[in-house]
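Dear colleague,

I am passing on the structure we spoke about, with the sequence alongside. Please look through both before reading the notes that follow.

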Amino acid sequence: MPDFSPFFPLIAIILGVLFAVGFIWVATKLMWKVAEPNEALIISGLTRGTLDTRAGMDFKIVTGKGALVLPGLQTVRPLSLTLNETELKVSCVTSQGIQVVVEGVVIYKIGDAPPFIANAARRFLGQQPKMESQVYNVFEGHLRSIIGSMTMEEIIRERDKLASQVRSASGVEMEKLGLVVDSLQIKDLQDPTGYIQNIAKPHIAQVKMEARIAEATRNREAAEKEAEAAALIADAQSLSAIRQSVAQANAERARANAAQAGPLAEATARQQVVVQETEVAKLEADREEQKLQTTIRKPADAKAYAKRTDAEGQKAADISAAEALARRTELEAQANARRTEMTAQANATAAAAAAGATKVTGEAEAAATKAKGDAAASAIKAKALAEADGIKARAEALASNQDAVISQQLAENMPAIIAAAAEPFSHVGQMTVLNGGEGVNKMLGGILAQAGDYLPALRTALRNGKDAKDSSRTPTAPGA
């Protein structure tokens with residue numbers, strides 16, 4: 001068995017060193033205090049204050065690091081540097097004498113600088129819950145003081161200014177307490193008197209009016225847009241309907257053209273045949289008309305012209321002779337009447353002269369008047385006889401050349417006769433002649449033929465009328 005006795009002293013030394021190290025570690029662990037990031041360690045006792053602390057404050061402040069604390073000789077207590085919050089509800093009176101309740105919140109903490117920590121340690125170390133009541137009292141007084149110098153309108157419009165003034169006014173007192181204000185917010189203003197509500201009424205009415213106007217404007221614009229959209233839709237529908245109608249009409253026209261293609265081609269061919277036949281018939285008619293002109297119409301016209309010329313010459317000669325005879329008879333009658341009147345006037349004058357001494361003037365005038373009457377009667381009788389002789393001579397001339405006179409009157413009235421025959425065509429707005437010039441010639445020939453058919457009847461009527469006229473003009477014998 002090995003002998004370990006020579007190693008006992010060494011083992012004892014090692015064990016002693018280990019014990020000492022362990023003791024030192026445990027002692028250090030118990031005496032070494034480390035400050036948390038949000039707290040400060042206040043060490044009092046066998047220590048000396050830092051240079052930053054004020055006179056008379058012989059304690060040590062440790063923040064953000066550790067410190068060795070000798071048990072029994074030193075005391076260490078933590079001071080929290082976290083944020084604190086205090087609710088405010090202060091009844092104030094404005095410069096206008098209007099009561100208002102201000103609700104706010106103050107967020108504060110102990111300052112990070114050693115003077116702030118030292119002030120807070122002397123006042124709140126171990127009694128930090130009392131900070132809330134102290135802060136409330138400080139801000140209550142300053143709120144009442146500052147609001148008392150402001151109007152309600154300024155408080156409403158300038159809350160930030162109010163908070164800034166309150167923070168500035170309470171800064172010195174908060175520094176004495178070792179506190180700093182991170183934030184002061186005015187949350188609400190309660191108006192027991194209803195002043196704020198009354199202030200807002202005109203603005204609310206204005207806003208409501210503007211809202212109604214804006215809504216009406218939007219509704220009008222929306223209605224206009226809807227009307228424009230409806231008009232565009234209607235235009236599009238109308239255009240589509242028109243296009244459909246045009247397409248349908250084109251289709252119907254194409255179908256109709258296709259359906260009429262066969263009959264139209266047949267009618268065209270037939271039309272060409274009719275045109276050729278019409279041309280042939282026209283040529284034949286022209287040939288017949290030329291033959292008629294050469295063989296019948298021209299000789300007849302020549303004979304008629306000769307007879308008409310002779311009749312007109314004879315008529316003119318007879319009328320001239322009759323008029324000359326009537327004029328001569330009339331002149332002789334006027335001369336006889338003038339001669340008879342002069343004789344009567346001479347007789348009356350002689351009678352008046354012979355009886356001037358024995359008869360009164362009245363009888364002479366009666367005789368003269370009677371003589372004048374007899375002379376006038378003789379003149380009238382002579383004129384009537386002259387007119388009767390002229391009428392008789394003219395009647396005899398017309399009786400001997402009656403056909404010539406009637407022919408002349410027919411020739412003079414021929415345009416009126418033809419116009420009367422063509423009168424039915426005056427109401428025709430448009431007339432289509434199928435066979436061209438030949439049709440026009442046939443139509444005019446028909447009108448002339450109708451006029452020729454009426455010539456015998458007209459001749460007879462004129463002759464009867466002249467006979468009746470002559471008989472009515474035959475004078476009665478004088479004294480009948």
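Which residue takes a positive phi in the hairpin of S6 and S7? It is Gly97, with a phi near 80°, in a hairpin that has five residues between its strands.

Before going further, please keep in mind that this is a predicted model, in which local features need pLDDT of at least 70 and side-chain atom pairs count only at pLDDT 80 or more, while totals for chains, interfaces and linings use all residues. Residues are numbered from 1 along each chain as its sequence is written, and side-chain values use heavy atoms, with hydrogens and water left out.

The chain as a whole

The protein chain holds nine helices and eight strands, where helices (H or I, at least four residues) and strands (E, at least two) are DSSP runs numbered from the N terminus. Of its 480 residues, 21% are buried; buried means under 20% relative accessible area, exposed means over 50%, and partly exposed is what falls in between, with a 1.4 Å probe and protein chains only. The accessible surface comes to about 32500 Å², and carbon and sulfur atoms account for 59% of that surface; the areas come from the Shrake-Rupley method with a 1.4 Å probe, and for residues only the protein chains shown count as cover. Among contacts (heavy atoms within 4.5 Å) between residues at least 6 apart in sequence, 74% join residues at least 24 apart.

Strand S6 (residues 84-93) pairs with S7 in the antiparallel sense over ten bridges, two strands being called paired if DSSP finds at least two bridges between them. Within this pairing, Ser91 stands opposite Val101 in S7. S7 also pairs in the antiparallel sense with strand S8 (residues 179-190), again over ten bridges, and here Gly104 stands opposite Ile186 in S8. Strand S7 itself (residues 99-110) is mostly covered, since ten of its twelve residues are buried.

The S2, S3 and S5 sheet

A further group of three strands forms an open sheet in the order S3-S2-S5, with antiparallel pairing. Strand S3 (60-63) and strand S5 (74-80) stand at the edges with a single partner strand each, so one side of each is left without a neighbour in the sheet. The twist from one strand to the next averages 25°. Strand S2 (residues 39-45) is joined to S5 by seven bridges, and the bridge partner of Ile42 in S5 is Arg77.

Helix H2 lies across S2, S3 and S5 and runs at about 120° to S3; the axes behind this angle are lines fitted to C-alpha atoms, for helices over the stretch in contact, and angles run from 0 to 180 degrees between N-to-C directions. In H2 (residues 114-124), the buried residues are Phe116, Ile117, Ala118, Asn119, Ala120, Ala121 and Phe124. After H2 comes Gly126, whose phi is positive, near 85°.

Salt bridges

The structure holds seven salt bridges, a salt bridge being a side-chain nitrogen of Lys or Arg within 4 Å of a carboxyl oxygen of Asp or Glu. One of them joins the side chains of Glu103 and Lys89 (3.9 Å, N to O). Glu103 lies in strand S7 and Lys89 in strand S6, so the pair ties together parts that are 14 residues apart in sequence. Glu103 counts as buried because its relative accessibility is 17%, whereas Lys89 is exposed, with a relative accessible area of 51%.

Another salt bridge links Glu140 with Arg144, whose closest N and O atoms are 3.0 Å apart. These two residues are four apart in helix H3 (residues 131-147), and are therefore separated by about one helical turn. Glu140 is buried at 18% relative accessibility, while Arg144, at 41%, counts as partly exposed.

The side chains of Glu224 and Arg220 also meet in a salt bridge (3.0 Å, N to O). Both residues lie in helix H6 (residues 195-354), four residues apart, about one turn of the helix. Glu224 is partly exposed at 39% relative accessibility, and Arg220 is partly exposed at 44%.

A nonpolar surface patch

Finally, Phe8, Leu10, Ile11, Ile14, Leu15 and Leu18 form a nonpolar patch on the surface, with about 610 Å² of accessible area together. Patches are made of residues with over 30% relative accessible area and no salt bridge, like charges being joined within 9 Å and nonpolar side chains (Val, Leu, Ile, Met, Phe, Trp, Tyr) within 5 Å. Leu10, found in helix H1 (residues 8-31), counts as partly exposed at 48% relative accessibility.

With best wishes
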